[in-house]
Amino acid sequence: MTEPASPASTRIILVRHGQSVTNAGGRATDQVSNPLTELGRAQSRDFAERLDCKPTLFVTSSFLRAQQTSEPLRERFPDVPVEEWPIHEFSFLNSALHRGTSEADREPHVIAYWRREDPAYMDGPEAESFSLFLDRAREAIRRLASSNPGGCVVVFTHGFFMQAIRLVLLFPDATDAELMANFRRFHLLNLIQNIGSLEFEVRDGKIQLIKPLHQRDFTLQGATSHA
């Protein structure tokens, strides 16, 4: 991990949850209650031991795997306040139709969803549109950018949500349709593994990615980002 941010700035660390049951090829009842595997718990303990800052705030998703990932670090720093924000994973499929399925089972439906390239489309009453998902990412950015200066905020969240934050920051003027058309390609080029992290610095109300330093250049509608 990098050296702690200067006192004039706030250090923001976004952490993807450890390995979950469905990540390991298993089946879970639904997105919300998909728990960590034993490996995922070990990954979470390792992250907690390696963290090199004194957190001032923990933020976690409502989903079980993110909550479980936060537990070892919350035990290490029991006095740090904990907040639950709407930073849960993007649930774009109708969960009522996919309960108890594996990632492999859902793959054809996942492909069909992304091929639509319709950010307003909702797959069912329990699904979320891509535009609503991006709205959650933008609101999280706003809240993080207003964090108290000098802090170290650790955010336990999910892979797609972390990618949405990156894309919104890289291409603030892009439309939802443009971001959706490029989202999976960006995700695969800049894959975030279980317990992988992104680090940001907030200074003067502006948030900037500082880790990883070698994110791949990515072209969106003719514009190239250089993170």
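Author: Before we start, a polar contact is a pair of N or O atoms within 3.5 Å, where within protein one must be able to donate a hydrogen and the other to accept it, and residues adjacent in sequence count only if both atoms are side-chain atoms. The model is predicted, so local features need pLDDT of at least 70 and side-chain atom pairs count only at pLDDT 80 or more, while totals for chains, interfaces and linings use all residues. Residues are numbered from 1 along each chain as its sequence is written, and side-chain values use heavy atoms, leaving out hydrogens and water.

Reader: Okay, which side chain does threonine 22 join in a polar contact?

Author: The side chain of threonine 22 is joined to that of asparagine 34 by a polar contact of 2.7 Å.

Reader: And is threonine 22 buried or exposed?

Author: Threonine 22 counts as buried because its relative accessibility is 8%, where buried means under 20% relative accessible area, exposed over 50% and partly exposed in between (1.4 Å probe, protein chains only).

Reader: Switching topic, which way do the residues of strand S2 point?

Author: From strand S2 (residues 57-60), Leu57 and Val59 point one way and Phe58 and Thr60 the other way, and all are buried; strands here are DSSP runs (E, at least two residues), as helices are (H or I, at least four), numbered from the N terminus.

Reader: Why would they alternate like that?

Author: In a regular strand, side chains alternate between the two faces of the sheet.

Reader: How many bridges join S2 to strand S4?

Author: Four bridges join S2 to S4 (residues 152-157), and these strands run parallel; pairing requires that DSSP finds at least two bridges between two strands.
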